[in-house]
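Please look over the sequence and the structure below before reading on.

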Amino acid sequence: MKIPGPDHPITIDANPSRVVVTVGGKVIADTSDALTLREASYPAVQYIARRDVDMAALTRSEHTTYCPYKGDASYYSIPAGGDRSLNAVWTYETPFEAMARIKDYLAFYPDRVDEIS
């Protein structure tokens with residue numbers, strides 16, 4: 001486990017703007033309560049609370065990854081998006097303490113959905 005710091009900063013800020021994720025012409029997520037996570041030099045990522053995601057539109061996959069700063073990530077696919085939307089969504093269900101704020105939130109790969117606006 002690594003702790004974010006000057007050599008690898010990670011910030012999480014409330015995003016009061018509306019964030020909508022669509023796939024196959026269907027709204028998968030719609031919120032005005034997203035969290036914007038900025039990590040080192042990576043592009044900012046919008047994390048959306050599960051309560052604002054159509055979880056019935058997602059299918060949990062077997063895929064997992066590990067981040068030394070956040071912990072183990074679980075993935076979901078979006079069947080409406082076909083092969084392009086395999087493992088399109090990730091979540092840290094038990095994130096490390098420093099990233100506890102993103103627990104119960106999901107993030108979407110922009111290139112695996114139609115739009116994140």
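Phe96 counts as buried at 19% relative accessibility, where buried means under 20% relative accessible area, exposed over 50% and partly exposed in between, with a 1.4 Å probe and protein chains only. This is a predicted model, in which local features need pLDDT of at least 70 and side-chain atom pairs count only at pLDDT 80 or more, while totals for chains, interfaces and linings use all residues. Residues are numbered from 1 along each chain as its sequence is written, and side-chain values use heavy atoms, with hydrogens and water left out.

**Aromatic pairs**

- Rings of Phe, Tyr and Trp (its six-membered ring) pair if their centres lie within 6.5 Å, with planes under 30 degrees apart counted as stacked, over 60 as edge-to-face and the rest as tilted; by this rule there are 3 aromatic pairs.
- The pair of Tyr66 and Phe96 is edge-to-face, because the ring centres are 6.3 Å apart and the planes stand at 75°.
- Tyr66, for its part, is partly exposed, with a relative accessible area of 49%.
- Trp90 and Tyr109 form a tilted pair, 4.5 Å centre to centre with 45° between the planes.
- Trp90 is buried at a relative accessible area of 10%, whereas Tyr109 is partly exposed at 27%.
- Ring pairs also link Tyr47 with Trp90 and Tyr109 into a cluster.

**Contacts of Thr31**

- Thr31 is buried at 4% relative accessibility.
- The side chains of Thr31 and Asp52 are joined by a polar contact of 2.7 Å (a pair of N or O atoms within 3.5 Å; within protein, one must be able to donate a hydrogen and the other to accept it, and residues adjacent in sequence count only if both atoms are side-chain atoms).
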